[in-house]
Amino acid sequence: MKLRVGITIGASPAEVWRVLEPIERHVDWMADAESITFTSSSRRGVGTSFDCRTRVGPLRTTDRMTITEWTPEWAMGIEHHGVVTGRGRFTLRRRPRGRTRFTWTEELTFPLWMGGAVGAIAAKPVLRAIWRRNLRRLKQLVETPNR
């Protein structure tokens, strides 16, 4: 399943990156992420790995992730090693008037017990709605830094 969502944030890429960079804070804007536990000594950069306890409706799983790309103010890539496998990427692009276009792309594979490709088709609109809401939360967090 391929999925892409995006939002324009009223802040520079540097300001957006300041909120995006602390991986442990992703639970502040990702409604489906309950907790993050680092499994590597590093907490930033390529090679950083962590377990993310994820909840979508009644389904709960631990998503094992590794950072595969880390370009400050530009991109963060991730590989999923949990029940759902695949790759994801956040990109930040400077826009006029001090704004940033934040794009979230994922290419995920669902296991057979979750319906495989058919399960992915069913999950796609649900995940799109959750991730769009997550991006609205990120936008609010960046644009209202004293919250």
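Strand S6 (residues 85–95) and S7 run antiparallel and are joined by 11 bridges. Two strands count as paired if DSSP finds at least two bridges between them. Helices (H or I, at least four residues) and strands (E, at least two) are DSSP runs, numbered from the N terminus. The model is predicted: local features need pLDDT of at least 70, side-chain atom pairs count only at pLDDT 80 or more, and totals for chains, interfaces and linings use all residues. Residues are numbered from 1 along each chain as its sequence is written, and side-chain values use heavy atoms, with hydrogens and water left out.

**The sheet**

- Seven strands form an open sheet in the order S1-S7-S6-S5-S4-S3-S2, with antiparallel pairing.
- S1 and strand S2 (33–38) each have a single partner strand, so one side of each is left without a neighbour in the sheet.
- The twist from one strand to the next averages 20°; axes are lines fitted to C-alpha atoms, for helices over the stretch in contact, and angles run from 0 to 180 degrees between N-to-C directions.

**Strand pairs**

- In S7, Thr100 is the bridge partner of Arg94.
- The hairpin of S6 and S7 has three residues between the strands, and Arg97 takes a positive phi near 60° there.
- Strand S1 (residues 2–9) is joined to strand S7 (residues 99–109) by eight bridges, and the two run antiparallel.
- Val5 has Trp104 in S7 as its bridge partner.
- Seven bridges pair strand S5 (residues 75–81) with S6 in the antiparallel sense.
- Gly77 stands opposite Arg89 in S6.

**Helices**

- H1 lies across S1, S4, S5, S6 and S7 and runs at about 150° to S6.
- H2 packs on the sheet and touches S1, strand S3 (49–56) and S7; contact means heavy atoms within 4.5 Å.
- The axes of helix H1 (residues 13–20) and helix H2 (residues 116–143) come within 10 Å and cross at roughly 110°.
- H1 and H2 are therefore roughly perpendicular to each other (under 35 degrees counts as roughly parallel, over 145 as roughly antiparallel, 65 to 115 as roughly perpendicular and the rest as oblique).
- Glu15, Val16 and Val19 of H1 make the contact with Leu138, Leu141 and Val142 of H2.

**Aromatic pairs**

- The whole structure holds eight aromatic pairs; rings of Phe, Tyr and Trp (its six-membered ring) pair if their centres lie within 6.5 Å, and planes under 30 degrees apart count as stacked, over 60 as edge-to-face and the rest as tilted.
- Trp17 and Trp70 form an edge-to-face pair, 5.1 Å centre to centre with 75° between the planes.
- This pair links distant parts of the chain, with Trp17 in helix H1 and Trp70 in strand S4 (residues 59–71), 53 residues apart.
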